[in-house]
Amino acid sequence: MSGMLSLLPNNRQILHSKGPVRVLGIDLGTTNSTIAETIYNPMLKPPLSARCLEVKQDTSEGTYTHVLVPSVVALHNGKETVGEGAKQLLRRSAAVGMEQNKNIFYECKNDIGVLRTYHKAPEGFRSASEIGGKVLSFLKQAAESNGHGPASRIVVTVPASFQAGQRADTLRAAELAGIKITANDLLDEPVAAFIDYLVTNEGAFKPEPGRSSNLVVFDFGGGTCDVAVFTLTPAMDSGRPGISPKAVSRYHRLGGGDIDAAILYEVLLPQILSQNGLDEFSLGYAEKKRSIEPAFIGLAEALKTGLCNTVTRLKKFGTLEKMPKKDVFKRQPGTHACTLTDGRTLKLIDPSLSLEQFETLLVPFLEKDLLYARETEYRLTCTVFAPLQDALERSRLERTEIDYCLLTGGSCLIPQVADAVREFFPNAEMLTYDDAEALQTSVARGAAYHALSLALTGKPMVRPVCHDTISINTQSGPIDLIPQGAELPYPADGSFAKAQGLSVPDSSLIRPVDLRVEITAKQDGRSLLRTLWQVPAPVNRGDRLYLEYRLDENQVLEMRMRLSGAPDAEVFTATLQNPLTNVVNPQAAKIRIDEAEENLRTGRVPKEKQADAIVKLADEYTQLSQNEKALEYLGRVLRSKNCPDAFILNKMAMICGTMGDANREEKLYLEAARNTAWGGPWFNLALAQRRRKKYTEARESIEKAITADDDGPGYTLKAMIEESLTNTTAKSAALDQAMIKFKPAASLNDWELGWYLTAARMAGKSVKEEEALAEQRRRRVAGNSAELGGILPILDPTPARR
């Protein structure tokens, strides 16, 4: 029996097959997708192996054939194009009239499971799942056109910590592609890579007798960075080693594409501006995002790949350390052009990327302390050590306890990434593939092996487990519901487990009893759910509560609870997606942005309210420091109004000031001031001029602001300007006026209160200063949320649980 078959669960009970069994594994990637096949023929002797299929892809220059299929879909000249041809159209998108999410679609995997529609696209192309379906259909048709016909089983991979909504969207994409799969046919990407390495490197893992080993799979691809931790136990009589998943990282939307974007915006964009005689503020968000990025992102990727190959080669020959990093570079000869939407053509001649520049860009991606994401309107920056640390913490392992680390995914071909991970695990044997293609296609091959296991035995090669004990809190302590290490689904047949023994903690004839429901991860000590259920009255202390729960193979925890013996009473229900690997929610502003943009795209905002909605959206982007995108939205509102709006102009000026575009900032403040009686633009202009040490101009501007508004903040800023001009008498007079104009601290808004504090400090009025500080403290305390309240359930004197 081949090595692959020996790894199957119950390999002695392979389902009867009269003929060959062909299965497919698909890696539906953010940047590239791949399809692999495995064929089992009972009439032939093993060995079995999975192979990735060469897929023919139409381009404007002819047919391109490769195992990697770019996850790009284009609609051009009445034709739907998937793969390399669509990617080539993306590079020329501005010149050929292509617009993202209208007639060209890429990186749509990032939108899987997100409430977002592509409202400009035609029917069938309006969601990430529909675009995913186009890619899957293209791969499926390619596999069926090679003469082997339909497959008996197809497995599609997903990032390890995809939530239930993201998995459901992936299932929908498969359904749209004509692929019949269930939740069991979705396989986590690091698990797939592990399976492939386990099969193709038989004997690679040899745990000592009586001792388990710990393995980390580091899967760093084009759009995601997944980490999974496994425990390997010595092989049993069957020859199959014990394989137990311990933890997976939370979803980190981080990949090689983010490094490409860093190269584009930090290295290539300055070269473009310089070669075309432009300054840093000459191009706005729309030109950069819709023209520059599609045209040059492939060039950034090519420079990265070429430089990495050069570094690898120089390291192999031992000459890298002898060369200055600025002298190690990759150049793309020739002239590379980009057409902007206004018809201008920008040229980039002989672009280059040096090792010195590249390693500077990589610093935040390899940061070991600041383990959080930073996002602009153009790109995401996050360290690869965020998912690594996350997975280790969840597995309760130290990095020194890792015995093996498997590197997979195309971005592991970056030498600096591989070296950093190697250094992070000092005691681990580093495992990888001999060539780049094998490394980039391991996930698809692992999916094919998994599909074969399902087809032949009805069971997966690696079954997911519950990584921590899930408990419900009571007044007597936690009660375990699902034990750590339990195989999923739990219960095994997919039914609901029952926990009897919980009781109502209080009595009430009229008002409901507030029952506090707390679900926790026992070992981790982390709260998974904390909410109130109002148990309907009348109810007595000691009335039994009937709790049912289950955790499925996609780690969706479902719970329902009701009063025992009251089938018609109100039922408490809760659903937790991936409770033990739950994704930390993005910033609240980002959530509001997604909702607001979707409402605007789909016409849910009435036309007369759209301008206000867009201004609020711009404010949210400003909060995230995505200033150029905020300016783009505010400019759109001005164009729609077709007349000056002082409020919007003032906002635009403030954003320009944050960006350091002083000339544009001053121009916008002056335009705002000319179109309003409000003194705000003059005040802000004075503040900006003072920052730039233009004190005389600042004094003129603040006088105009005071003439308009005559308020405390105006006089306070005037005092600051006079202080900078060393006019002590004028400063004192302005502070006296400021203290007169300010109302009591409790009646001031937060902005006014800040200026009141500044005035009090400048005037040396300690009582007023303490009053302002006390009011600020009071507001912070008042802003804190109240305790949840409610009462935990009690235990029945004679609990029963099964």
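Colleague: Where is Pro491 found?

Modeller: Pro491 is found in the loop between β24 (477–482) and β25 (497–503). Keep in mind that this is a predicted model.

Colleague: What is the peptide bond from Tyr490 to Pro491, cis or trans?

Modeller: That bond is cis, with omega near -5°. The bond from Ala537 to Pro538 is also given as cis, and its omega is near -5°. Pro538 sits in the loop between β27 (526–535) and β28 (544–551).

Colleague: Why is Glu722 called buried?

Modeller: Buried means under 20% relative accessible area. Glu722 has 2% relative accessibility, so it counts as buried.

Colleague: What makes Glu722 and Arg699 a salt bridge?

Modeller: The cut-off is 4 Å between a side-chain nitrogen of Lys or Arg and a carboxyl oxygen of Asp or Glu. For Glu722 and Arg699 the N to O distance is 3.2 Å, so the pair qualifies. Glu722 lies in helix α20 (residues 712–724) and Arg699 in helix α19 (residues 695–709), so the pair ties together parts that are 23 residues apart in sequence.

Colleague: Which residue does Lys718 meet in a salt bridge?

Modeller: Lys718 meets Glu722, at 3.0 Å from N to O. The two are four residues apart in helix α20, so about one helical turn separates them. Lys718 has a relative accessible area of 12%, which means that it is buried under the 20% limit.

Colleague: Why can such side chains pair at all?

Modeller: Side chains of opposite charge can pair when their charged atoms come close.

Colleague: What makes Arg344 and Asp342 a salt bridge?

Modeller: Their closest N and O atoms are 2.8 Å apart, and the cut-off is 4 Å, so the pair counts. Arg344 is partly exposed at 33% relative accessibility. Asp342 is partly exposed at 48%.

Colleague: How many salt bridges does the structure hold?

Modeller: It holds 46. Some residues are linked in a network of salt bridges: Glu665, Glu666, Arg691, Arg692 and Lys694.

Colleague: Why is Asp434 called exposed?

Modeller: Exposed means over 50% relative accessible area. Asp434 is at 84%, so it counts as exposed. Its place is in the loop between β22 (429–431) and α11 (436–440). Asp434 gathers with Glu54, Asp435 and Glu437 in a patch of negative charge on the surface.

Colleague: What makes that patch negative?

Modeller: Asp and Glu count as negative. The members are Glu54, Asp434, Asp435 and Glu437, so the patch is negative.

Colleague: How do you know that Ser354 is buried?

Modeller: Ser354 has a relative accessible area of 9%, and the limit is 20%, so it is buried. Ser354 sits in strand β18 (residues 352–354). Leaving aside neighbours within four places in sequence, Ser354 is in contact with Leu307, Lys325, Lys326, Val328 and Phe329.

Colleague: Is Asn101 buried or exposed?

Modeller: Asn101 is buried, because its relative accessible area of 9% is under 20%. Asn101 lies in the loop between α2 (84–91) and β9 (104–106). Its phi is positive, about 65°, although Asn101 is not a glycine.

Methods: Residues are numbered from 1 along each chain as its sequence is written. This is a predicted model: local features need pLDDT of at least 70, side-chain atom pairs count only at pLDDT 80 or more; totals for chains, interfaces and linings use all residues. Side-chain values use heavy atoms; hydrogens and water are left out. Patches are made of residues with over 30% relative accessible area and no salt bridge: like charges are joined within 9 Å, nonpolar side chains (Val, Leu, Ile, Met, Phe, Trp, Tyr) within 5 Å. Accessible areas come from the Shrake-Rupley method with a 1.4 Å probe; for residues, only the protein chains shown count as cover. The place of a charge is taken as NZ of Lys, CZ of Arg, CG of Asp or CD of Glu. Buried means under 20% relative accessible area, exposed over 50%, partly exposed in between (1.4 Å probe, protein chains only). Contact means heavy atoms within 4.5 Å.
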